[in-house]
Amino acid sequence: MNVRAEEVARLRALFPALAEGDLAPLDNAATTHRPQAVLDAASRFYKESNANVHRANHRLGMAATGAYEAARQRVARFLDSEAEEVVFTRNATDAINLVARGWLEPRLNAEDVVVVTALEHHSNLVPWQQVCRRTGARLCVLPVDESGRLQEPFEFPERACFLATTRVSNALGTIVDTAALVEQAQSRGMAVLVDVTQSAGHLPLDAGSRAADFLALSAHKMYGPMGVGVLRGRAQRLAEMDPVSYGGEMVDGVSQQSANWRAPPWRFEAGTPAVAPVVAFPPALDLLDSVGLASVRAHELDLLGLLLEGLKGIEGLLLVGPPEAEDRSGAVSLAIPGGDPHVAATLLDLSGVAVRAGWHCAEPLLRRMGQGPTLRASVALYSSGHDVERLLEALPEAVAACRDPAPNL
Ligand SMILES: Cc1ncc(COP(=O)(O)O)c(C=O)c1O
């Protein structure tokens, strides 16, 4: 078993929230922890260069603008893109809504079809539902099989014009073959958004994500701060997209009756942005790059293997999603027939194991899998074999107790 114990101990020491106490942090799909370098960068901004961006030409203003635009360049480098293709948003949800309202809605007709997969988080489903509702277009869902993998061959309806797909399901952990999916969609002239929120901090960027017209992610799922997300749009697509939020700093010139816009990406960043979180994001990317996403993947694969193997010996649990670790990233969802996963999660917490219970913002997917809310364990680069063993040790009792009609909490 290669779970790189020394390297994990070194990484874990970088995260103040993990240094104290004795928690096995296995709720990383909801949000990761942040290393000291990220906390320091946010605090340094307020102490040393606190000013609004893109307006003041005093020294603090210039320092703030410089750091903000340097962060854009750093994100672009991480995503193998150009700085002008990086729009800062509040989170991945905001990035997806921007594309739905600003790019897709103005181009959509009632005869058109928007395609999503059955694996989507609500944030990559509901915005497309709403656009279809407003335009009369149809929403088509690519189905999954019994093990939560996308069914192949992928079949697109004739009038399909847009595809929104995740790279990794947050609820099941399924990895989507976005290379094949995006290639097929784009070869039909469709535009594509790939939601890399659950993959950007876990898997190397794949060909499908690189080729996509739009990418959406949240910094807080990849060791960065809360309050900042990224929309990476191809330059051509951003040039075509309408702003959906209007006000200061996104304008070039304003008269009493009209206004025109700055170039992308700034035209999509109306008002004062979340400067401190933005400038604190690069140290998280530095950490990911220094470890290397291929190594992160290898480490998490070891942990998933350990977890899946250990689960085989525990009664009363049903693995939801692909049985093989190779088909998964990050998260493992477990149903407890006849039991309440929320109770199990509370009991696990009493044993010092943090997991999440619920629908995981993917209610249609869990219903399609024939399930209700599940228990979800999810790993990160600082997760250890010991964390997984603690979960496996605590699970049998938690599962048995949560199936008890009157558990003794
Ligand atoms: C796959 C996926 N997409 C989108 C989101 C939405 O992210 P946020 O809440 O940061 O906007 C999440 C959050 O869990 C997610 O897992």
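Start by selecting L319 and L334: L319 stands opposite L334, which belongs to strand β12. Keep in mind as you click around that this is a predicted model.

Now widen the selection to the two strands. β11 pairs with β12, residues 331-335, in the antiparallel sense, and three bridges join them. If you're wondering what holds paired strands together in general, strands of a sheet pair through backbone hydrogen bonds, either parallel or antiparallel.

**Next stop: the rest of the sheet**

Which order do the four strands take? Read across the open sheet and you get β11-β12-β15-β14, with antiparallel pairing. The edges are β11 (318-320) and β14 (356-358), each of which pairs on one side only.

Then select residues 341-350. That's helix α13, which packs on the sheet and touches β14 and β15 (374-378). Compare the directions of α13 and β14: they make about 165° with each other.

**Next stop: two domains**

Colour the chain by domain. Domain 1 is made of 5-30 + 292-402, and domain 2 covers 38-288. How far apart are the C-alpha centres of domain 1 and domain 2? They lie 27 Å apart. Where the domains meet, domain 1 puts in 26 residues and domain 2 puts in 24 residues.

Stay on the domain 1 side of that contact. Select α12 (293-311), β12 and α14 (363-368), the elements that each give two or more residues to the side touching domain 2. The largest share, five residues, comes from α12. Colour this side by residue class and you'll find 15 nonpolar, five polar and six charged residues.

**Last stop: zoom out**

Show the whole chain as a cartoon. How many helices and strands are there? The chain has 15 helices and 15 strands. Its C-alpha trace spans about 70 × 55 × 40 Å along the principal axes.

Why call the chain compact? A compact globule of 409 residues would have a radius of gyration near 22 Å, and the chain has 22 Å, so the two agree. Colour by burial, and 49% of the 409 residues come up as buried. Finally, look at contacts between residues at least 6 apart in sequence: 71% of them join residues at least 24 apart.

Terms used. Residues are numbered from 1 along each chain as its sequence is written. This is a predicted model: local features need pLDDT of at least 70, side-chain atom pairs count only at pLDDT 80 or more; totals for chains, interfaces and linings use all residues. The radius of gyration is taken over C-alpha atoms; the globule rule is 2.2 Å times the number of residues to the power 0.38. A residue is buried if 20 or more other C-beta atoms lie within 10 Å of its own, exposed if 12 or fewer, and partly exposed in between; C-beta atoms are placed from the backbone. Two residues are in contact if their C-beta atoms, placed from the backbone, lie within 7 Å. Two strands pair if DSSP finds at least two bridges between them. Axes are lines fitted to C-alpha atoms, for helices over the stretch in contact, and angles run from 0 to 180 degrees between N-to-C directions. Domain bounds come from an automatic or database domain assignment. Ala, Val, Leu, Ile, Met, Phe, Trp, Tyr, Cys and Pro count as nonpolar, Asp, Glu, Lys and Arg as charged, and the others, Gly among them, as polar.
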